[in-house]
Amino acid sequence: SSDLTKGCVFSGCNVNNISGNSVGSAYSFYLDAAKDCVFRNCDAAGLSGGNNSGTVSGFRLESASTNNSFINCNSSGHTVSGTSSTVYGWQVASNNNRFENCDGSAIGSSSGGLAYGFYLSSVSNTLLKNCNAVGCQSSGATNCYGFFSTAGRSNLFEGCKGSSNKAVTGTCAGIALDAAETLSSVTNGEFSGNQVTGAGSCYGIVLDPANSSGVNKCTISNNNASMNLATTSGATLAGFRDFTSDSNSLISGNVFSLNGNKSLNIGSAPNYDIDSSDLSIDGSGNGGLNMYLTYDSGQNVADIVNETDVSNMQALSTSLMGWTNLLVVPEQS
């Protein structure tokens with residue numbers, strides 16, 4: 001009950017190696033109505049289960065569990081084997097929580113289930129600081145994300161690492177903001193070395209990957225999204241991609257390098273010859289962009305590449321090693 005779980009402190013608690021058997025779900029810490037609680041140095045590791053539609057979550061927070069803090073907590077090494085199952089390190093559906101120095105790494109699906117290090121659904125005013133989601137993996141045509149926040153508002157991902165995650169023919173990304181996520185920020189993070197091994201899609205950072213409601217006025221600043229990899233013909237690769245049809249997020253001070261080899265052609269008379277086809281890997285392993293985003297033709301965005309005024313820009317990329325995104329100015333209203 002909420003009375004019993006208000007203001008509790010959990011320190012050094014370990015709930016490991018739980019199995020959901022063939023069709024069941026498994027959780028280490030299931031918070032239904034925890035409020036104002038502190039979890040410190042708690043460990044959830046090695047959960048397994050879910051053939052069919054099972055779910056595995058090291059930490060699951062339902063919508064009534066608010067204002068909690070998780071410090072130096074671990075939720076890693078969980079696996080599922082079912083094609084319709086989902087495995088989470090952290091599954092969060094509540095507002096106003098804080099996660100600091102927490103881990104959601106090595107989350108894996110061996111038979112086509114979905115895998116997430118940190119998954120936030122309709123969450124607002126939540127901080128993730130110095131959290132890691134490294135080495136997560138999905139198989140088949142399903143998706144793998146280090147960090148994923150959908151339909152949220154005013155969340156902050158500060159100094160997080162979503163790297164070395166893998167998918168096959170699904171989508172793999174270090175971090176994704178999706179489905180009308182609004183006013184959230186991703187800053188000072190590392191989203192490198194993510195990979196698809198088949199004809200999937202790989203991104204260091206991606207906005208609106210479902211290509212549905214767009215992402216609204218978020219901030220992506222001072223991150224490193226480098227050496228993300230796709231080599232199979234038909235795969236898609238970008239260090240950063242915003243699917244929002246009329247981008248209005250601030251993309252500033254990031255380093256996008258060594259993600260593919262297609263580049264923006266800027267001559268004496270600028271020729272912006274990049275389009276969505278350049279995101280695709282061809283039969284020789286060529287293709288992929290460091291950065292791709294789209295603006296409405298009526299917008300005017302300024303000073304993206306060293307004093308080059310780019311008006312009515314439709315797409316931007318460069319293949320220069322160590323290239324830094326200087327500034328993208330969103331539409332002002």
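Where is Asn-259 found? In this predicted model, Asn-259 sits in the loop that runs between β27 (255-257) and β28 (289-292). Asn-259 is buried, and its relative accessible area comes out at 0%. Leaving aside residues up to four places away in sequence, Asn-259 touches a whole list of others, including Ala-225, Met-227, Leu-237, Gly-239 and Leu-289. Gly-288 is in contact with Asn-259 too; these two residues are 29 apart along the chain, yet their C-alpha atoms are separated by 6.4 Å. The side chain of Asn-259 also takes part in polar contacts. It reaches the backbone nitrogen of Asn-228 at 2.9 Å, and one of its polar atoms lies 3.1 Å from the backbone oxygen of Ser-257.

Next come the strands. Strands of a sheet pair through backbone hydrogen bonds, in either a parallel or an antiparallel way. Here, an open sheet is built from three strands in the order β17-β20-β24, with parallel pairing. At its edges are β17 (166-167) and β24 (229-230), each of which pairs on one side only. Two bridges join β17 to β20 (residues 195-196), again in the parallel sense. In one of these pairings, Ala-167 has Val-196 of β20 as its bridge partner.

What about the cysteines? A disulfide is a covalent bond between the sulfur atoms of two cysteines, and a search of the whole structure turns up zero of them. For Cys-73, the closest cysteine sulfur belongs to Cys-42 and is 4.6 Å away, so it is too far for a bond. Cys-136 is in no disulfide either, with the nearest cysteine sulfur, in Cys-144, 5.2 Å away. Both cysteines are tucked inside: Cys-73 is buried at 2% relative accessibility, and Cys-136 is buried at 1%.

Terms used: Residues numbered from 1 in each chain as written. Predicted model: local features only at pLDDT ≥ 70, side-chain atom pairs only at ≥ 80, totals over all residues. Heavy atoms only, no water. Disulfide = S-S within 2.5 Å. Buried < 20%, exposed > 50% of the residue type's maximum accessible area, 1.4 Å probe, protein only. Pairing = 2+ DSSP bridges. Helix = DSSP H or I, 4+ residues; strand = E, 2+ residues; numbered from the N terminus. Contact = heavy atoms within 4.5 Å. Polar contact = N/O pair within 3.5 Å; in protein donor to acceptor, adjacent residues only side chain to side chain.
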